[in-house]
Amino acid sequence: MLSNTKQKPVNIPEIIQEAHNTFNSGKTKPLEWRKKQLQNLLRMYEENKNAMIDALAKDLRRCKMEAILLEVDYLINDLINTLNNFDEWTKPERPSKAIINVLDDVVIYNDPYGVVLIIGAWNYPLQLLLLPMAGAIAAGNVVVIKPSELAEACAQFIVETLPKYLDNDAVIVVEGGPEESTELLKQKFDYIFYTGGTNVGKIVYAAAVKNLTPVTLELGGKSPVYIDNSVDMEITVKRILWGKFINVGQTCIAPDYILCSKEVQEKFVEFAKNILKEWYGEDPQKSPDLCRIINNRHFSRLQALIDASKDKVVIGGRYDAQDRFIAPTILANVTASDKIMEDEIFGPILPIVPIENAYEAIKFINSREHPLVLYLFSKQGKIHKLFTEQTRSGSLCVNDTIMFYGVETLPFGGVGNSGMGAYHGKKSFDTFTHKKSCLIRNFASIGEKLASSRYPPYSDGKLKFITTLMKKRNGPSLKYLPYLLTFALGVGISYGIFAWQKVKK
């Protein structure tokens with residue numbers, strides 16, 4: 001266990017050098033070692049479920065159901081999926097090949113990058129740190145993880161528990177705050193994975209560039225929702241409100257604002273009043289199912305947004321600084337120039353911006369930075385096609401919110417200001433894997449004869465022959481052609497022997 005306390009300062013350069021030494025020793029490369037670490041991690045999740053739920057409750061006052069669905073079981077299911085597919089994912093790949101390589105072996109090997117740094121976020125302090133960590137271990141890397149200092153209980157859980165289950169030389173936890181993060185970013189890593197805000201993401205990227213270190217940046221932004229008048233309004237409102245108010249809006253893929261007509265806005269607000277009352281009661285502050293804002297700084301930021309929009313509050317608007325409580329709040333008739341529309345909200349405030357139609361909504365979305373996800377609610381296929389073709393976003397989710405995140409076969413990541421790179425499922429393994437291309441040739445005389453046209457002295461005849469071999473053609477795969485040629489040769493020899501014996505008789 002590593003600590004940043006004054007009693008025991010951390011020598012980060014020394015720690016990272018030791019991490020490189022561990023990787024260079026080859027310890028993390030054997031598949032059996034990786035699988036054993038993943039099995040130990042799964043055991044840690046299963047044996048410490050209650051401790052994880054308690055830590056999330058202390059940091060965010062997260063209720064048991066949200067803790068299990070959004071973090072604990074999410075991690076377990078992702079890891080089981082990785083273990084179930086581990087042998088297949090780690091196999092070398094054999095892509096198709098052209099006729100010029102028909103006698104060669106063309107292979108893509110899955111190599112680990114080396115020593116990777118994973119910096120977690122406070123809003124989902126276990127999932128956003130441990131899920132990419134599992135992918136990095138599966139790929140055979142040495143992993144240095146930095147939990148968020150803002151989620152103190154979860155950081156402490158990781159520091160105290162992880163070293164009991166995983167190899168401490170290959171999975172290293174570094175505690176601390178901005179000072180430790182800054183020092184980590186001065187070191188040379190082979191890959192950096194960061195989850196957090198765009199401003200800090202730019203700092204991480206700038207640090208990585210100095211060593212030409214590849215990065216994945218999972219950032220955020222203002223994820224829009226478009227609703228047209230064809231939807232089932234009650235179901236639509238439930239799905240949007242659930243996506244917005246889990247973890248009280250402290251979710252990078254939470255719906256940030258709604259674009260719809262004034263008619264749809266009116267219906268949305270009416271349904272929302274009844275649904276929120278049904279979910280959280282007359283006094284949401286007493287509900288056991290509503291989280292709290294992570295700290296006073298974020299609370300003050302959100303309080304200022306509500307105060308600046310008091311004339312547009314149609315639901316909620318109440319807050320309690322002592323309790324860091326903010327009621328689920330909906331703002332109506334918001335304009336593009338309002339303060340609430342400047343930055344990602346990251347809290348339980350949902351503004352509605354009235355627009356006339358889908359074309360105006362697309363124009364509004366495209367005038368801003370590309371969002372992490374775009375939510376579209378419509379029964380019309382032509383509207384689905386319109387948004388798919390004419391907008392850019394990390395992901396597109398139709399007629400629901402958040403749920404796409406749970407589909408492990410869908411890569412998750414941003415584009416432009418909302419991030420770069422992706423992970424989840426096999427994509428987590430691929431993210432931390434260098435795809436090493438390899439051509440394997442032999443010394444067979446037939447192969448050398450075919451390739452000898454490349455050698456000087458050059459001639460038009462040689463050029464014509466080799467360009468004909470290299471020309472790309474549409475047709476069946478040549479993957480099994482060497483085997484077919486061998487089979488044909490065997491049949492030919494057998495037939496020749498049979499014919500010769502017949503003649504001899």
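Modeller: Residues are numbered from 1 along each chain as its sequence is written, and side-chain values use heavy atoms, with hydrogens and water left out. Because the model is predicted, local features need pLDDT of at least 70 and side-chain atom pairs count only at pLDDT 80 or more, while totals for chains, interfaces and linings use all residues.

Colleague: Which residues does the UniProt annotation "active site" cover?

Modeller: In the unreviewed UniProt entry, that annotation covers Glu218 and Cys252; positions from UniProt are given in the numbering used here, with feature names shortened, and an annotation may be inferred rather than shown by experiment.

Colleague: How do you know that they gather at one spot?

Modeller: They span 35 residues in sequence, yet no two of their C-alpha atoms are more than 9.0 Å apart, so they do gather at one spot.

Colleague: Why is glutamate 218 called buried?

Modeller: Buried means under 20% relative accessible area, exposed means over 50%, and partly exposed is in between, using a 1.4 Å probe and protein chains only. Glutamate 218 has a relative accessible area of 3%, so the residue is called buried. Its place is strand S6 (residues 215–218), where strands (E, at least two residues) and helices (H or I, at least four) are DSSP runs numbered from the N terminus.

Colleague: What makes cysteine 252 count as buried?

Modeller: Its relative accessibility is 15%, and therefore cysteine 252 falls under the 20% limit and counts as buried. This cysteine sits in the loop between helix H9 (233–245) and strand S8 (257–260). Contact means heavy atoms within 4.5 Å, and, leaving aside neighbours within four places in sequence, cysteine 252 is in contact with residues including Asn123, Glu344 and Phe412.

Colleague: How do you know that the buried residues of helix H13 are on the same side?

Modeller: In H13 (residues 381–390), the residues Ile383, Leu386 and Phe387 are buried. They cover an arc of only 90° around the axis, the arc being that of the directions from the helix axis to the C-beta atoms, so they lie on the same side of H13. An α-helix has 3.6 residues a turn, so residues three or four places apart point the same way.

Colleague: What do those buried residues pack against, and what does the face turned away carry?

Modeller: The buried residues of H13 pack against strand S7 (224–227), helix H12 (358–366) and strand S14 (373–377), whereas the face turned away from the buried side carries the exposed residues Lys382 and Glu389.
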